[in-house]
Amino acid sequence: MRIEIIKRPQHSALFSALSPFIALLLTLIAGAILFSILGKNPISALYSYFVEPLTEVWSIHELLVKAAPLILIAVGLSVCFLSNNWNIGAEGQFIIGGIFGSILPVVFPEFEGWYVLPIMLLLGMVGGMAYATIPAYLKVRFNTNEILTSLMLVYIAQLFLDWLVRGPWRNPQGYNFPETVQFSNSAILPAIFPDSGRAHWGFILALIAAMVVWFMLSRTLNGFEIKVLGRSSRAGRFAGFSAGRLTFFAFMVSGALAGLAGIAEVSGAVGQLRTSISPGYGFTAIIVAFLGRLNPMGIIAAGLVLALSYLGGEAAQISLGISEKSARIFQGIILFFVLACDSLIYYRIRIVSRLGDAAYRAR
């Protein structure tokens, strides 16, 4: 007996649209089972995880703070994934963007003025873009697997950040803590509604980026090239499209948005560089991209859902007394069910017995 996975000649458009919702429903069921195993009331636990964080105005602000980098990074990743370029290193591009964008307030703190923040955002995009071109170049020039190169570059970025804040960029008045100086007011991304919470303009930038990329994908030649080459590189070559040029374009867009997310997080939510500026946004954004069906508009909703998983995890740790690892497992469960649902939409599983296999071979 063996199991075969067979591609369906046609897939259901209805189930393709419902797939994210089915995945979320299955996640809730799996979460209820998980909480029961941990000895917690599943109804109360799910309420603490998914509803309680939305009951206060300040927590809504925190939701937007956490959703902003997820949406920005995932929108960029959608361009890569649609073009069949697997950028798994957005976490590293996020960190490098935060570093590049921090050059002005850390190295030249005397600069003050309205122009400081725009320059920081631009530097963050340039940093992320430059870092993303490394796996793009290696893929185009040497046919190197971009999954491995982009992922390995994440650890280089993390170690570089750690060295910077412990060494040349460490605050001399910081009591030996591994962090840079606090950014000046000119270098801080302003809050949207400062009287009610700390949600900053990074979320607005994320919405703008999603709309721009949606327009690019649906209304421009570059968007058409991305979709054609992503689905069939052979068809793209017949149409005269350059796979190498598109690889650079996709990685540069993805890196620029990840870098923008990095400096927006540092400037808007943290206010300085530290040894760690991300709880794993670059990796969680992969889940966001697929949960949003690689559609920038869907990614906005998916980013809010995954941001809720961060908030809910923190709330559950306090109210339920569970560990951080137990709280974060929801993100992995969501990804598992999203991929499982998509696989069953496009493929069907067939169990072939030895008798049936022998009859098939005899024909």
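User: What share of the 363 residues in the protein is buried?

Analyst: Buried residues make up 47% of the 363. Keep in mind that this is a predicted model.

User: Why is glycine 39 called exposed?

Analyst: Its relative accessibility is 63%, and the cut-off for exposed is over 50%. Glycine 39 therefore counts as exposed.

User: Where does glycine 39 sit?

Analyst: You'll find glycine 39 in the loop between helix 1 (13-37) and helix 2 (42-50). Take serine 102 as a landmark: it is 63 residues away along the chain, and the two C-alpha atoms are separated by 45 Å.

User: What makes up the fold, in helices and strands?

Analyst: The protein has 15 helices and two strands.

User: What does the C-alpha trace span along its principal axes?

Analyst: About 80 × 60 × 35 Å.

User: Which share of the contacts with a separation of 6 or more comes from residues 24 or more positions apart?

Analyst: That share is 77%. A contact here needs heavy atoms within 4.5 Å.

User: What about the surface and the charges?

Analyst: The accessible surface comes to about 18,100 Å², with 67% of it belonging to carbon and sulfur atoms. On the charge side, there are 25 positive and 17 negative charges, and their mean positions are 18 Å apart.

Notes:
Residues are numbered from 1 along each chain as its sequence is written. This is a predicted model: local features need pLDDT of at least 70, side-chain atom pairs count only at pLDDT 80 or more; totals for chains, interfaces and linings use all residues. Side-chain values use heavy atoms; hydrogens and water are left out. Helices (H or I, at least four residues) and strands (E, at least two) are DSSP runs, numbered from the N terminus. Buried means under 20% relative accessible area, exposed over 50%, partly exposed in between (1.4 Å probe, protein chains only). Accessible areas come from the Shrake-Rupley method with a 1.4 Å probe; for residues, only the protein chains shown count as cover. Lys and Arg count as positive and Asp and Glu as negative; His and the chain ends are not counted. The place of a charge is taken as NZ of Lys, CZ of Arg, CG of Asp or CD of Glu.
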